Amino acid sequence: MIVLKIESVKEFMSCLFSGDMFDKFHIRNCEVTTFTTFQCDGKRKKEWYDTDELPEDKSGLLFWQEMKPVIFSFIKGKKKPLKMNLDFCHYMTNGDIGSLRVQFERDQLLIFTGYMQKDFSMDKQKLFLWDENCRSFIQKNKIVSTQLD
């Protein structure tokens, strides 16, 4: 696990809500605090959909692309949210799950990485690879960050 402090908060938020940077990630959990706290668990309610509308995705979670306009509607305006936590995840073909937690509070934006292996292993190579891929992902999208100890 690594923690990245985002130095360019405005640019990151623009990528998050206006761009497609996170669109292919699933959203596992979301909490936004403005004048009240809005929470959602990211679970897709299959019974709400008509049979022909239900996505083929087997994770049971919504994609950020689907949630982005809803969450943006909670924060748009002149005031910044007091707090925002977004838990993104990416399902690997081997059954492992990579995660990114975006945490905004008191004008500070942090990203925490995580990696959950399907099967127990003492080998941390996949975890280190995920962390490196996350760093590269942030840099590729021209987001300035500093890794915290």
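Modeller: Two strands pair if DSSP finds at least two bridges between them; strands (E, at least two residues) and helices (H or I, at least four) are DSSP runs, numbered from the N terminus. This is a predicted model, in which local features need pLDDT of at least 70 and side-chain atom pairs count only at pLDDT 80 or more, while totals for chains, interfaces and linings use all residues. Residues are numbered from 1 along each chain as its sequence is written, and side-chain values use heavy atoms, with hydrogens and water left out.

Colleague: How many residues lie between β5 and β6 in their hairpin?

Modeller: Five residues separate β5 from β6, and Gly95 in the turn has a positive phi of about 95°. These two strands are antiparallel and share nine bridges, with Leu86 opposite Val102 of β6.

Colleague: In what sense do β2 and β5 pair?

Modeller: β2 and β5 are also antiparallel, with seven bridges.

Colleague: Is Cys89 buried or exposed?

Modeller: Buried means under 20% relative accessible area, exposed over 50%, and partly exposed in between (1.4 Å probe, protein chains only). Cys89 has 1% relative accessibility, so it is buried.

Colleague: How many disulfides are found in the whole structure?

Modeller: A disulfide is a covalent bond between the sulfur atoms of two cysteines, called here when the sulfurs are within 2.5 Å. The search finds zero. For both Cys89 and Cys15 the closest cysteine sulfur is in Cys134: from Cys89 it is 12 Å away, too far for a bond, and from Cys15 it is 15 Å away, also too far.

Colleague: Which residues touch the most other members of the largest nonpolar core?

Modeller: A nonpolar core is a set of buried Ala, Val, Leu, Ile, Met, Phe, Trp, Tyr and Cys residues joined through side-chain atoms within 4.5 Å. The largest one has 35 residues, and those touching the most other members are Phe12, Leu16, Phe22, Trp64 and Phe88. Elements giving two or more residues to this core include α1 (9–17), α2 (64–75), β5 (83–91) and α3 (125–140). Contact means heavy atoms within 4.5 Å; beyond its neighbours within four places in sequence, Phe12 is in contact with Ile6, Met21, Phe22, Val102, Leu109, Ile111, Ile138 and Ile143.

Colleague: Which residues of α3 are buried?

Modeller: An α-helix has 3.6 residues a turn, so residues three or four places apart point the same way. In α3 the buried residues are Leu127, Trp130, Asp131, Cys134, Phe137 and Ile138. Down the axis of α3 they fall within an arc of 120°, so they line one face of the helix (the arc is that of the directions from the axis to the C-beta atoms). They pack against β1, α1, β5, β6, β7 and β8 (145–148). The face turned away from the buried side carries exposed Gln125, Gln139 and Lys140.

Colleague: How far apart are the end C-alpha atoms of α3?

Modeller: The expected span of a helix is 1.5 Å times one less than its number of residues. For the 16 residues of α3 that gives 22 Å, and the end C-alpha atoms are 22 Å apart, which agrees.
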